[in-house]
Amino acid sequence: DEQLDLDDGRWEDIHVVTGALKLFLRELPEPLVPFSHFDKFIAAIKIQDPSLRGHCMRDLVLSLPPAHRDTMKVLFRHLCRVVEHKEENRMSVQSVAIVFGPTLLRPASEEGNMAMHMVFQNQVVEHILNHYEYIF
């Protein structure tokens with residue numbers, strides 16, 4: 001319900017804007033990739049055959065609830081544009097995946113090997129960025 005004045009000088013710092021976006025996404029009751037899909041995405045990214053992995057990832061994204069899928073499409077389109085300027089902003093696909101992976105895709109409970117989960121979470125985000133046109 002808070003009204004933000006985006007003309008306020010504090011929003012000129014890109015780190016503040018990015019931090020606000022990450023905080024918003026992290027505080028959603030359910031992540032952009034719903035808890036019910038977490039294990040499916042992790043299993044898909046582990047598929048060795050690149051073609052099969054790609055088809056599976058695309059099908060999973062398309063199976064998301066419309067609000068999640070549509071938000072993901074807009075967010076990843078923006079993140080692809082960020083990556084296009086990696087020479088200036090130093091945000092490669094891998095960097096963006098590290099920053100956003102654990103925020104967009106997390107298990108319902110933090111049990112298990114969090115370090116291994118993080119590797120796969122980042123790989124999922126990296127895959128979607130690298131194959132945006134095919135997936136969406």
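Guide: Of the contacts in the chain between residues at least 6 apart in sequence, 64% join residues at least 24 apart. Contact means heavy atoms within 4.5 Å. This is a predicted model, in which local features need pLDDT of at least 70 and side-chain atom pairs count only at pLDDT 80 or more, while totals for chains, interfaces and linings use all residues. Residues are numbered from 1 along each chain as its sequence is written, and side-chain values use heavy atoms, with hydrogens and water left out.

Visitor: What radius of gyration would a compact globule with 136 residues have, and what does the chain have?

Guide: A compact globule with 136 residues would have a radius of gyration near 14 Å, and the chain has 15 Å, which agrees. The radius is taken over C-alpha atoms, and the globule rule is 2.2 Å times the number of residues to the power 0.38. Along its principal axes the C-alpha trace spans about 50 × 35 × 30 Å.

Visitor: Why is glutamine 121 called buried?

Guide: Its relative accessible area is 5%, and buried means under 20%, exposed over 50% and partly exposed in between (1.4 Å probe, protein chains only); therefore glutamine 121 is buried. Glutamine 121 sits in helix α7. Leaving aside neighbours within four places in sequence, glutamine 121 is in contact with Phe38, Ile42, Gly101, Pro102, Leu105, Arg106 and Pro107. Of the 136 residues of the chain, 35% count as buried.

Visitor: Why does proline 31 count as buried?

Guide: Proline 31 has 0% relative accessibility, so it counts as buried. Proline 31 lies in the loop between α1 (14-26) and α2. Not counting residues up to four places away in sequence, proline 31 touches His68, Thr103, Leu104 and Arg106.

Visitor: Why does phenylalanine 35 count as partly exposed?

Guide: Phenylalanine 35 is at 26% relative accessibility, so it counts as partly exposed. Phenylalanine 35 is in helix α2. Its contacts, leaving aside neighbours within four places in sequence, are Pro29, Glu30, Arg106, Pro107 and Ala108.

Visitor: Why is arginine 90 called exposed?

Guide: Arginine 90 has a relative accessible area of 72%, so it is exposed. Arginine 90 is found in the loop between α5 (86-89) and α6.

Visitor: What is the phi of arginine 90?

Guide: Arginine 90 has a positive phi of about 60 degrees although it is not a glycine. Most residues other than glycine have a negative phi.

Visitor: Which residues touch the most other members of the largest nonpolar core?

Guide: Of the 31 residues in that core, they are Phe41, Met72, Phe76, Leu104, Ile128 and Leu129. The elements that give two or more residues to this core are α2 (35-45), α3 (50-62), α4 (66-84), α6 (93-104), α7 (114-130) and α8 (132-135). Helix α4 gives the most, with 6 residues.

Visitor: What makes a set of residues a nonpolar core?

Guide: A nonpolar core is a set of buried Ala, Val, Leu, Ile, Met, Phe, Trp, Tyr and Cys residues joined through side-chain atoms within 4.5 Å. Phenylalanine 41 touches Val33, Met57, Leu60, Val61, Leu64, Leu105, Val124 and Ile128, not counting residues up to four places away in sequence.

Terms used: Helix = DSSP H or I, 4+ residues; strand = E, 2+ residues; numbered from the N terminus.
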